[in-house]
Amino acid sequence: MLRALYTSATGMKAQELLIDNTANNLANVNTTGFKRSHLDFADLLYTTLEQPGTEVAAGQISPTGMQIGSGVRAAATTKIFTPGSFEQTNNTLDVAIEGDGFFKVQLPSGEARYTRDGAFRIDGDGRLVTTDGYLLDSAVTIQDGISLSKLSIGADGTVTGILAGTPDATVNLGQIQLARFLNPAGLSNEGGNLYAATAASGQEVLGTPGENGLGIIRQGFLEGSNVEVVTELISLISAQRAYEVNSRAIRAGDEMLSVSADIVR
């Protein structure tokens, strides 16, 4: 059986994964804080018919060898953490990170998750939560009984409010901290705009926005996805064509086998 049939099949499977990844990027083009993924490929094992550098005669070395590859595989998906575009919402509780860093949130189980989605809301206990209700892991609380006429979030994450009826009375409500990782591409995608730390990402390093390489907070803005539609469409077309040429290679191999079979008729 021709090796090309199996080799081309690996190419078709790899292009299927590329289309799946591209489709996910395009589907999340309007998802707040979404980061596009890039699919990396690697070639498979080689059958070595002749090793490069083999001595073919006395004092004569073969300058090249003969190695036939067995196809391709998808090696990894890498998150690209380039910044997305900022959208001004004028919502008091919408915040975006300008620079590096993640908001740290807490699941009901107590586990930590991280997000670039800064669309926060206030729950019934006066705490900042995500749109899914996960608690922002920073001590920001509006005490019961306090009525605010204005709430401000500074570039350093300081949350302050002005008491209703007393314009000169400012109350400190807490501080938003950001987390950063040595290798953010090693974070695990958990869905819901959340990431989980892994051994590949390294441990979180918490800090004040604007310090030690962390980005600053922009109130009234949300960070959009970093998906570029034109780039994804080009990737889609490229994957489609690659899938097509691999199928043609299989057809060519099948025709060659057919010719071989006809010889013995």
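Asn212 counts as exposed, at 65% relative accessibility. Exposed means over 50% relative accessible area, buried under 20%, and partly exposed in between, with a 1.4 Å probe and protein chains only. The phi angle of Asn212 is positive, about 55 degrees, although Asn212 is not a glycine. Asn212 sits in the loop between strand S20 (205-207) and strand S21 (216-219). Helices (H or I, at least four residues) and strands (E, at least two) are DSSP runs, numbered from the N terminus.

The model is predicted: local features need pLDDT of at least 70, side-chain atom pairs count only at pLDDT 80 or more, and totals for chains, interfaces and linings use all residues. Residues are numbered from 1 along each chain as its sequence is written, and side-chain values use heavy atoms, with hydrogens and water left out.

Asn90 also has a positive phi, near 65 degrees, and is a residue other than glycine. Asn90 lies in the loop between strand S7 (86-88) and strand S8 (95-98). Its relative accessibility is 60%, so Asn90 counts as exposed.

The chain is divided into domain 1 (1-80 + 228-264) and domain 2 (85-224). These bounds come from an automatic or database domain assignment. The centres of the two domains, taken over C-alpha atoms, are separated by 43 Å. Seven residues from domain 1 and nine residues from domain 2 make the contact, where contact means heavy atoms within 4.5 Å. About 730 Å² is buried between domain 1 and domain 2, and carbon and sulfur atoms give 50% of this area. Buried area is the accessible area (1.4 Å probe) that two parts lose on being put together, summed over both. On the domain 1 side, Thr32, Lys35 and Lys79 lose the most area to domain 2, together 65% of what that side buries.

One salt bridge is found across the interface of domain 1 and domain 2. A salt bridge is a side-chain nitrogen of Lys or Arg within 4 Å of a carboxyl oxygen of Asp or Glu. Lys35 and Glu223 meet in a salt bridge through their side chains, at 2.5 Å, N to O. Glu223 is buried, with a relative accessible area of 1%. Arg116 and Glu223 form a salt bridge too, at 3.0 Å, N to O. This pair links distant parts of the chain, 107 residues apart: Arg116 is in the loop between S10 and strand S11 (120-122), and Glu223 is in strand S22 (residues 221-223). Arg116 counts as buried, at 6% relative accessibility.

The structure holds 13 salt bridges. One of them joins Lys104 and Glu204, with the closest N and O atoms 3.0 Å apart. Lys104 lies in strand S9 (residues 102-106) and Glu204 in the loop between strand S19 (194-196) and S20, so the pair ties together parts that are 100 residues apart in sequence. Lys104 counts as buried at 13% relative accessibility, whereas Glu204 counts as partly exposed at 25%. Another salt bridge brings together the side chains of Arg113 and Glu190 (3.9 Å, N to O). Arg113 is in strand S10 (residues 112-115) and Glu190 in strand S18 (residues 188-191), so this pair ties together parts 77 residues apart in sequence. Arg113 counts as buried at 12% relative accessibility; Glu190, at 38%, counts as partly exposed.

Helix H1 (residues 3-27) has 25 residues. From its first C-alpha to its last, H1 reaches 37 Å, close to the 36 Å expected at 1.5 Å a residue. The expected span is 1.5 Å times one less than the number of residues. Buried residues of H1 include Leu5, Met12, Leu18, Thr22 and Asn25. The buried residues of H1 pack against strand S1 (37-43), strand S6 (72-79) and helix H2 (229-263). Glu232 lies in H2 and counts as buried, at 2% relative accessibility. Leaving aside residues up to four places away in sequence, Glu232 touches Thr22, Asn25, Leu26, Arg36 and Val227.

UniProt, in an unreviewed entry, places the feature "domain: Flagellar basal body rod protein N-terminal" at residues 5-35. UniProt positions are given in the numbering used here, feature names are shortened, and annotations may be inferred rather than shown by experiment. Over residues 5-35 the chain is 74% helix and 0% strand, with the end C-alpha atoms 36 Å apart. The UniProt annotation "domain: Flagellar hook protein FlgE/F/G-like D1", also from an unreviewed entry, covers residues 96-160. Over residues 96-160 the chain is 0% helix and 45% strand, and 17 Å separate the end C-alpha atoms.
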